Amino acid sequence: MSGVLALSPFADSVPLFVDTLGAFFRPRTLFGVLVDGVAKAALYIMIASGLTLIFGLMGVLNFAHGSMTMVGAYLGGLLMVLVVGQETGDPTRLLVFGLGVVVVFAVLAAFGGLLEIGLIRPIYDRPPLSQILLTFGLTLILDELARIVVSFYGLQPISEWQAAMATKPDVLGQQHDLVVASVSGLKLFEIACGILAVVVIWVFLTRTRYGLYVRAGSEDSEMAAALGVDVRRVFTVVFALGTGLGGVAGILLAWDPSWGASVPLAVETLLPAFVVVIIGGLGTFRGTVAAGLLVGLIDATMTWWFQNAIAFTGLPEMTIFLILVIVLVVRPQGLFGVEEVGGH
Amino acid sequence: MSLLSLEAVHTYYGDSHILEGVSLEVDRGEVVALVGRNGVGKTTTLRTILQLTPPSEGQVWLRGEDITGADTHEVADAGVGWIPENRRIFSRLTVEENIHVAVPEGRNIDAARERAYETFPDLREHRHRDAGTLSGGQQQMLAIVRGLVGDNDLLLVDEPSEGLAPLIVSAVADALAATATETTVLLVEQNLPLALDLADRFYVLDDGQVVDSGDTNEVDDDDERFRRYLSA
């Protein structure tokens, strides 16, 4: 009997699997995976929120959204590289980061507003394919422009900008003992930023008159207009806010060694953001938050398993798309979506 | 000067010619019924007034001012309210938020809410519920109060009794009758007895054209003038 087992290619895998399973369920491991997952979720939610706000209200699938995140990463990184020196202390670095958030948000929101007025608005009445082609064209232009500018200054467009990453405060680069495990300061910072972003967006959507207009317009923009809401102005504001949010996520990524400021960041962030928005249900912020958490936690879990059981790190990203396929088959409108949203 | 006036209005959906030279007038304080079979252009007339489907030819005048081609929100801001066919409430917003959207900026929201709940007390106890979870009758009540709280000079009401139980139709009719004492109403209604009961005047629409009009006290719902155009 044991000879049969020895011939099986899976024979050695069973005890390995049991050992790994035991290791996974240790409190220290579970807590670490949880923190990793929530930190990833925070980033996904920040990137996807702008995308979902824009789609929910305007029915526009903005393929240029990832490029806004990439531009935000470079712009914020530039600001921090210019201001932060080797001697700069952590409090000042954090202050510069805060300033960077404000500057990146303002610049990209203004850019997004102009884009909506100048390019998107004239094609609202055309088929969705026109909007997809336009925003896809935009992302090609922005990425190529970024490649030219970055190369001009002697940086590698496809590599993470190390100078920007080096502006990170020491406290974020260190491990900190928390409850049962040692966790990265950067991950805790990303979680804090994600929570802050969710609270700010939630307050905007549910506690302000403009947020009410956004939610009403997301369901039925024609009816909202007939009740006196200037839907076109709301479109512009939402496109500006969505673009600004994408940029703010970028400045945070400039510090993260898993991402970093680089030209391919546009595509690297666009794909998971789309997955999160689709899983959550196109156009629902609540769905985006739930899907971001789901994807982040599954991604972190699979990353741990692939690293510890198979010692292969390339596949975990595939699991995100696997979740997408399952959700699309079981619940095509997404976790919190209705059957038809958007439009104008 | 009429509060609302349509002058030889032609409206298309794509290549389909829906309104073929519609002219009508609504004076301040009146309730005017627009009746006709399904698909003759009644809803399109209301959409044309709101500029949701702007006319290709002809003019729409509000208080003597040409509003043809204006933005829909500008028409609403000018005091034109809409209670649409099929309710079109915002299902993911609460009852209170639905009312809130309809209150113009700068107006007293608390007073508007009280007015809504006085009109349909049923809505008060459901005020924190998502509107999509209400019954059909409650959704219609919400659609009506949304039109009322805008303090509009002119209310465009489209098939308010459609698909409702008789008891709810009666409550809706009472609310519209009360509204009509202070607001001008242009009413599209398939329920002819209800329309004639509420309205002072009527227009009959057939194939995108006004084919008859008059005072409602000159006719009853079995009149030959209606049978010719309203029977299937």
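A residue is called buried if 20 or more other C-beta atoms lie within 10 Å of its own, exposed if 12 or fewer, and partly exposed in between, with C-beta atoms placed from the backbone. Please keep in mind that this is a predicted model, in which local features need pLDDT of at least 70 and side-chain atom pairs count only at pLDDT 80 or more, while totals for chains, interfaces and linings use all residues. Residues are numbered from 1 along each chain as its sequence is written, and chains are lettered from A and ligands numbered from 1 in the order in which they are written.

**View 1. Strand β3 of chain B, an enclosed strand.** Helices (H or I, at least four residues) and strands (E, at least two) are DSSP runs, numbered from the N terminus. Five of the five residues of β3 (residues 31-35) of chain B are buried, so the strand is largely enclosed by the rest of the structure. In a regular strand, side chains alternate between the two faces of the sheet. Here B:V31, B:A33 and B:V35 point one way from β3(B), B:V32 and B:L34 point the other way, and all are buried.

**View 2. The neighbours of β3 in chain B.** Two strands pair if DSSP finds at least two bridges between them. On β8(B), four bridges join β3(B) in the parallel sense, and B:V32 has B:L186 as its bridge partner there. With strand β9 (residues 201-206) of chain B, β3(B) again pairs in the parallel sense over four bridges; in β9(B), the partner of B:V32 is B:R201.

View 3. Strand β7 (residues 154-158) of chain B and strand β8 (residues 184-188) of chain B share five bridges in the parallel sense, and B:V157 finds its bridge partner in β8(B) at B:L187.

View 4. Strand β1 (residues 4-13) of chain B runs antiparallel to β2(B), joined by eight bridges; look for B:Y12, whose bridge partner in β2(B) is B:H17.

**View 5. B:R47, a buried arginine.** B:R47 sits in helix α1 (residues 42-49) of chain B. It counts as buried because it has 24 C-beta neighbours inside 10 Å. Two residues are in contact if their C-beta atoms, placed from the backbone, lie within 7 Å. Leaving aside neighbours within four places in sequence, B:R47 is in contact with B:L52 and B:T53. The C-alpha atoms of B:R47 and B:P84 are separated by 9.4 Å, although these residues are 37 apart along the chain.

**View 6. The largest nonpolar core.** A nonpolar core is a set of buried Ala, Val, Leu, Ile, Met, Phe, Trp, Tyr and Cys residues joined through C-beta atoms within 7 Å. Of the 167 residues in the largest one, A:V238, B:V32, B:V145, B:L156 and B:L187 touch the most other members. Helix α3 (residues 27-58) of chain A gives the largest share, 17 residues. Not counting residues up to four places away in sequence, B:V145 touches B:I99, B:A116, B:T119, B:F120 and B:L123.

**View 7. Where chain B meets chain A.** Here 20 residues of chain B are in contact with 16 residues of chain A. Helices α2 (72-77) and α3 (95-102) of chain B each supply at least two residues of the side of chain B that touches chain A.
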